[in-house]
Amino acid sequence: MKLLEFIAHGLNFIPKEELLSLVELLRGSISPSLAILVLKQIAKFIEVNAFLRTSLREAQLFNVLSHLISTEFETINQNRHRASSTQNSSLSDLYECVISIIIRMLDKMPENIRSFREAGGISALQSMLLKDDFRDLALKVFQTIILQDTHSIDVNILIEILQTAPRSNISLKIAIFNALGNMFLLKESAKDAFREAGFVAAISVIINTPWPLKQEEIDAIDGGVNVMLKLFETLFSTLDCSLTNHPLNKSLLTKLIGVTAITDALRVNGILKSE
């Protein structure tokens, strides 16, 4: 590793074959600590020469990373409760290294985004979204992709997860609404991708996340009433952002969900219920 780094930085030369051999090394059964070393070295090479991102794509790096996330890391993650704090920290570092490289590989590289999709990268990210510890990392990749290539299918994946998430997984819903709101602020076209399914999904989330009216219901929610308030605050903030400076979304909102949809949903939810 040190020799490769010296060649790259000291001689300003990237040994392509050796770089590709690092990708092959990740294909095998590899410990988290060694994988981190390999990934960090690949990241350094990318920083020295951005053109290597094409070579790494051709070497099927996305296939390797997607496999690591969806298979290898998942096996390790399932054993986290039996692992030491040091081992768990190593797993977190591993995920961060992989996501950092994926984001760097995708940045301003449409062909790499297409390759990442074909390699099953989106499916791997969906699995990460369901895990509290790694959700933010997955959303960073979704944001990187959507801001460069506002593909409705990528936005719809987030929307579908909102609609199918367990009623109790409020933190997941908050995280996705926050991410969507940030994307709307950064790219107007993301609002178009959200419109068809997003308005309906917001109503669905309101209905399917009943407001706790009894103390035992409040106690059953991790975070209590405060986290519920955060969910609805984030939901309506995202809706507002999707309509701001977007005449088409404003004109189609009531056509897509109905004039009284929001108030009706809030009544069903219970938040407007008075004893």
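In this predicted model, 5 aromatic pairs are counted among rings whose centres lie within 6.5 Å. One of these pairs joins phenylalanine 62 and phenylalanine 116, whose ring centres are 5.5 Å apart; the planes meet at 70 degrees, so the arrangement is edge-to-face, the cut-off for that class being over 60 degrees. Phenylalanine 62 belongs to helix H5 (residues 61–78) and phenylalanine 116 to helix H7 (residues 110–118), so the pair ties together parts that are 54 residues apart in sequence. Both positions are shielded: phenylalanine 62 has a relative accessibility of 1% and counts as buried, and phenylalanine 116 is likewise buried, with a relative accessible area of 1%.

A further edge-to-face pair is formed by phenylalanine 194 and phenylalanine 199, because their ring centres are 5.8 Å apart and their planes stand at 85 degrees. Phenylalanine 194 and phenylalanine 199 are both buried. These two residues also take part in a cluster, in which ring pairs link Phe184, Phe194 and Phe199.

Serine 242 is located in helix H14, which spans residues 224–243. With a relative accessibility of 0%, serine 242 falls under the 20% limit and therefore counts as buried.

Technical notes
Residues numbered from 1 in each chain as written. Predicted model: local features only at pLDDT ≥ 70, side-chain atom pairs only at ≥ 80, totals over all residues. Heavy atoms only, no water. Phe/Tyr/Trp six-rings, centres within 6.5 Å; stacked < 30°, edge-to-face > 60°. Helix = DSSP H or I, 4+ residues; strand = E, 2+ residues; numbered from the N terminus. Buried < 20%, exposed > 50% of the residue type's maximum accessible area, 1.4 Å probe, protein only.
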